[in-house]
Amino acid sequence: MIGIIDYGMGNIFSVRKALERMEVPYFVSGLRDELKEADGYLLPGVGAFRDAMQNLHAAGLADFIKDEAAAGKPLLGICLGMQLLFDESEENGRTKGLGLLKGKVLRIPEGKLKVPHMGWNQLQVHNGSFLLEDLEKQYAYFVHSYYVKAEEQETVLASAGYGVDVPAVVGRGNVFGTQFHPEKSSAAGLAILKRFSEKVKEGSE
Amino acid sequence: MITKRIIPCLDVKEGRVVKGVQFVELRDAGDPVELAKFYDEEGADELVFLDISASHEGRKTMIEVVEQTAAELAIPFTVGGGINSLEDMKAILRAGADKVSVNTAALLNPHLISEGALYFGSQCIVTAIDAKYDEALGSYRVYTHGGRKPTEWKAVDWAKEAVKRGTGEILLTSMDQDGAKNGFELELTRQISEAVSVPVIASGGAGNADHFYDAFTEGKADAALAASIFHYKETSVKEVKDRLKGRGVNIR
């Protein structure tokens with residue numbers, strides 16, 4: 001069973017519906033005691049990094065997520081949820097993240113390219129992962145103005161080119177993230193959600 | 001590199017798609033959800049629903065349509081038409097739309113853009129601009145109320161103002177070209193695309209695949225929207241995309 005972590009940031013309607021279409025069992029909660037029952041977690045998120053971290057801390061969820069990740073439960077951060085997995089962000093001043101992966105969240109450099117990075121971009125797969133099998137050169141839907149500068153290149157499982165190399169799928173051990181919205185990324189995105197769900201299911205057996 | 005987007009637009013009235021849609025193979029060509037799925041399968045990059053309901057009941061029905069569409073669709077979609085307040089935006093976005101588009105209400109009260117962008121993030125707020133060339137102005141003039149009322153704004157100035165206030169995207173319709181099917185208004189599109197830092201969706205005038213090519217190259221648009229040529233099957237999303245790929249445009 002997947003637990004979708006609800007901390008008041010962003011729209012989880014679409015991701016819920018995508019899981020329902022794939023018949024993946026899930027529940028939504030913002031309470032540690034309830035979430036604890038899950039076999040794996042989705043950390044969604046749209047909005048500002050600082051607000052998101054404040055909300056997570058206020059609900060006691062920041063430490064909870066770190067503990068659960070350390071205990072080996074699969075975790076998938078989506079969009080802002082992926083950025084929160086890293087050490088810190090420069091969005092609206094410096095804010096500390098969850099620190100589960102090494103790196104910083106920076107503003108996409110303005111220049112010839114428009115910010116936000118909005119639209120369909122092609123995935124370049126760097127490190128083989130069960131999440132990305134057969135997805136080389138597939139497209140995903142991105143909407144974001146900040147990107148992750150990962151410290152450990154091996155955690156960047158796939159990237160997309162947008163002036164800078166934008167990490168698109170990250171992961172180490174049982175902690176994963178997608179910068180794009182898998183639930184809005186047609187076949188490729190749904191495949192990633194499905195594979196993550198299967199990983200959660202395997203862990204529960 | 002990011003791809004150029006092809007966006008079919010559906011007019012929805014009291015929960016039904018109107019303005020001539022010819023899809024014999026669909027069970028119900030007036031059902032927004034079925035049409036949305038059809039375009040998704042054809043390779044549409046995004047969809048726009050324009051709610052043209054006149055009644056309060058029609059607006060409520062639209063929320064149900066948005067919910068059903070969001071439940072079935074794995075591509076982003078925008079809802080516009082009659083969005084007057086932050087409450088309207090909330091209702092549409094909570095029902096599962098990815099973006100809302102504002103037009104007349106934003107011109108009457110530009111603060112609506114700032115409010116929406118602050119609350120939901122810029123990426124959720126699209127500003128739709130209807131513009132028409134104006135000899136006296138020597139430029140393109142912005143209109144409200146579905147093109148019925150002229151404003152004092154030049155299109156390029158209003159686009160910049162909307163971006164300053166936090167809009168994440170501009171949906172630019174040429175009233176001169178709309179429905180004429182002889183191509184997008186390239187000069188207008190290029191002016192706006194060059195003036196703002198957010199993506200610009202060209203709209204109005206699509207008649208064939210090559211018109212999209214012109215919008216992306218000469219017009220420098222990031223996306224292009226069309227309605228009737230897709231609904232009447234004069235061409236298809238797939239055909240347009242194949243043609244663009246053949247001409248070297250970066251397309252999904």
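Buried area is the accessible area that two parts lose on being put together, summed over both. The legends below describe close-up views of a predicted model.

**Figure 1. The interface of chain B and chain A in the predicted model.** The two chains bury about 2,400 Å² between them, and 57% of this area is on carbon and sulfur atoms. On the side of chain B, Met1(B), Ile2(B) and Ala74(B) lose the most area to chain A, together accounting for 26% of what that side buries. In terms of contacts, 37 residues of chain B meet 26 residues of chain A.

**Figure 2. Polar contacts and salt bridges between chain B and chain A.** Twelve residue pairs are in polar contact across the interface, with both residues of each pair at pLDDT 80 or more. Helix H2 (56-72) and helix H3 (86-94) of chain B each supply at least two residues of the side that touches chain A. H2(B) gives the largest share, four residues. By residue class, this side of chain B divides into 18 nonpolar, seven polar and twelve charged residues. Two salt bridges are found across the interface. In one salt bridge, Asp98(B) pairs with Lys184(A), with 2.9 Å between the closest N and O atoms.

**Figure 3. An open four-stranded sheet in chain A.** The strand order is E6-E5-E7-E11, and the pairing is mixed. Strand E6 (95-96) and strand E11 (146-150) of chain A are the edge strands, each pairing on one side only. Strand E5 (residues 88-89) of chain A runs antiparallel to E6(A) and is joined to E6(A) by two bridges. Within this pairing, Glu88(A) has Lys96(A) in E6(A) as its bridge partner.

**Figure 4. The salt bridge of Glu88(A) with Lys104(A).** The closest N and O atoms of this pair are 3.9 Å apart. Lys104(A), with a relative accessible area of 40%, is partly exposed.

**Figure 5. The salt bridge of Arg172(A) with Glu152(A).** Here the closest N and O atoms are 2.6 Å apart. Arg172(A) lies in strand E13 (residues 164-172) of chain A, while Glu152(A) lies in the loop between E11 and strand E12 (156-162) of chain A, so the pair ties together parts that are 20 residues apart in sequence. Arg172(A) is partly exposed at 40% relative accessibility. Glu152(A) is also partly exposed, at 22%.

**Figure 6. A network of salt bridges in chain B.** Arg5(B), Glu46(B), Lys99(B) and Glu169(B) are linked in this network. The side chains of Arg5(B) and Glu46(B) meet in a salt bridge with an N to O distance of 2.8 Å. Arg5(B) is part of strand E1 (residues 5-13) of chain B, and Glu46(B) is in the loop between helix H1 (32-42) and strand E3 (47-51) of chain B, so their pairing ties together parts that are 41 residues apart in sequence. Arg5(B) is buried, with a relative accessible area of 1%. Glu46(B) likewise counts as buried, at 1% relative accessibility. Over all chains the count comes to 29 salt bridges.

Terms used: Residues numbered from 1 in each chain as written. Chains lettered and ligands numbered in written order. Predicted model: local features only at pLDDT ≥ 70, side-chain atom pairs only at ≥ 80, totals over all residues. Heavy atoms only, no water. Contact = heavy atoms within 4.5 Å. Buried area = accessible area lost by both parts, 1.4 Å probe. Salt bridge = Lys/Arg side-chain N within 4 Å of Asp/Glu carboxyl O. Polar contact = N/O pair within 3.5 Å; in protein donor to acceptor, adjacent residues only side chain to side chain. Nonpolar A, V, L, I, M, F, W, Y, C, P; charged D, E, K, R; others polar. Pairing = 2+ DSSP bridges. Buried < 20%, exposed > 50% of the residue type's maximum accessible area, 1.4 Å probe, protein only.
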